[in-house]
Amino acid sequence: MEPLEVSLTDIVLRFDNDTLEAFYTKWEWSLRVPIAWLAVRLEPQKRGFIFLWIGAGNPPGPVIYGQDVKTHGRRLLPLPATDEPAARAFFAEVASRTGRTIQP
């Protein structure tokens, strides 16, 4: 299966078979999460930003991405709200490829 990658403002997300990797310009390292554990909680903020909390599900479940997803061992990625549709599309494709879902 071809790797999937999206470049957002200050963030690059990459899915390669069984791992999600997140790169952020403010980090000197990347975050890697096995897809079987992946959970991404979306948290709207003021001033046109959202937070993506990426980590392991608590507990891991069928939903990868959404406002009600519970995570632990997480990392915060601030994202302009204008990038949210691209992030949602990326995680929708990851969910499709792995038999999981995202929240509507």
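Q: How many strands form the open sheet with antiparallel pairing, and in what order?
A: Four strands form that open sheet, in the order 1-2-3-4. Keep in mind that this is a predicted model.

Q: Okay, which are the edge strands there?
A: Strand 1 and strand 4, which covers residues 30–34, are the edge strands. Each of them pairs on one side only.

Q: And by how many degrees are neighbouring strands of this sheet turned against each other?
A: On average 15 degrees, with direction ignored.

Q: What holds strands of a sheet together in general?
A: Strands of a sheet pair through backbone hydrogen bonds, and the pairing can be parallel or antiparallel.

Q: How many bridges are there between strand 1 and strand 2?
A: Five, and the two strands pair in the antiparallel sense. Strand 1 is residues 4–8. You can find Ser7 bridged to Val12 of strand 2, and Leu8 bridged to Ile11.

Q: What's in the turn of that hairpin?
A: Two residues lie between strand 1 and strand 2, and Asp10 in the turn has a positive phi of about 65 degrees.

Q: And how many bridges join strand 2 to strand 3?
A: Six bridges join them, and they run antiparallel, with strand 3 covering residues 19–24. Ile11 has Tyr24 as its bridge partner in strand 3. These two strands also form a hairpin with two residues between them, and Asn17 in that turn has a positive phi of about 65 degrees.

Q: Which side chains of strand 2 are buried?
A: Strand 2 is residues 11–16, and its side chains alternate. Ile11, Leu13 and Phe15 point to one face and are buried.

Q: Switching topic: what's the strand order in the open sheet of five strands?
A: The order is 8-6-5-7-9, and the pairing is mixed. Strand 8 (71–80) and strand 9 (101–102) are the edge strands, each pairing on one side only.

Q: How do strand 5 and strand 6 pair?
A: They pair in the antiparallel sense over seven bridges, with strand 5 at residues 38–44 and strand 6 at residues 49–57. Leu42 stands opposite Leu52 in strand 6.

Q: Where does helix 1 lie?
A: Helix 1 covers residues 84–98 and lies across strands 5, 6, 7, 8 and 9, running at about 170 degrees to strand 7 (63–66). Helix 1 also lies across strand 1, strand 2 and strand 3, at about 165 degrees to strand 1.

Q: How many aromatic pairs does the structure hold?
A: Four aromatic pairs. One of them is Tyr24 with Trp27: the ring centres are 5.5 Å apart and the planes are at 80 degrees, so the pair is edge-to-face.

Q: Is Tyr24 buried or exposed?
A: Tyr24 is buried, with a relative accessible area of 13%. Trp27 also counts as buried, at 13% relative accessibility.

Q: What about the rings of Phe90 and Phe91?
A: Their centres are 5.1 Å apart with planes at 80 degrees, so that pair is edge-to-face. Both residues are buried. Together with Tyr65, Phe90 and Phe91 form one aromatic cluster.

Q: Which ring does the charged end of Arg75 sit over?
A: The ring of Trp27, at 5.1 Å from its centre. The charged end of Arg74 sits over the ring of Trp53, 4.6 Å from its centre.

Definitions and conventions:
Residues numbered from 1 in each chain as written. Predicted model: local features only at pLDDT ≥ 70, side-chain atom pairs only at ≥ 80, totals over all residues. Heavy atoms only, no water. Phe/Tyr/Trp six-rings, centres within 6.5 Å; stacked < 30°, edge-to-face > 60°. Buried < 20%, exposed > 50% of the residue type's maximum accessible area, 1.4 Å probe, protein only. Lys NZ or Arg CZ within 6 Å of the ring centre and 35° of its normal. Pairing = 2+ DSSP bridges. Contact = heavy atoms within 4.5 Å. Axes fitted to C-alpha atoms, helices over the stretch in contact; angles between N-to-C directions.
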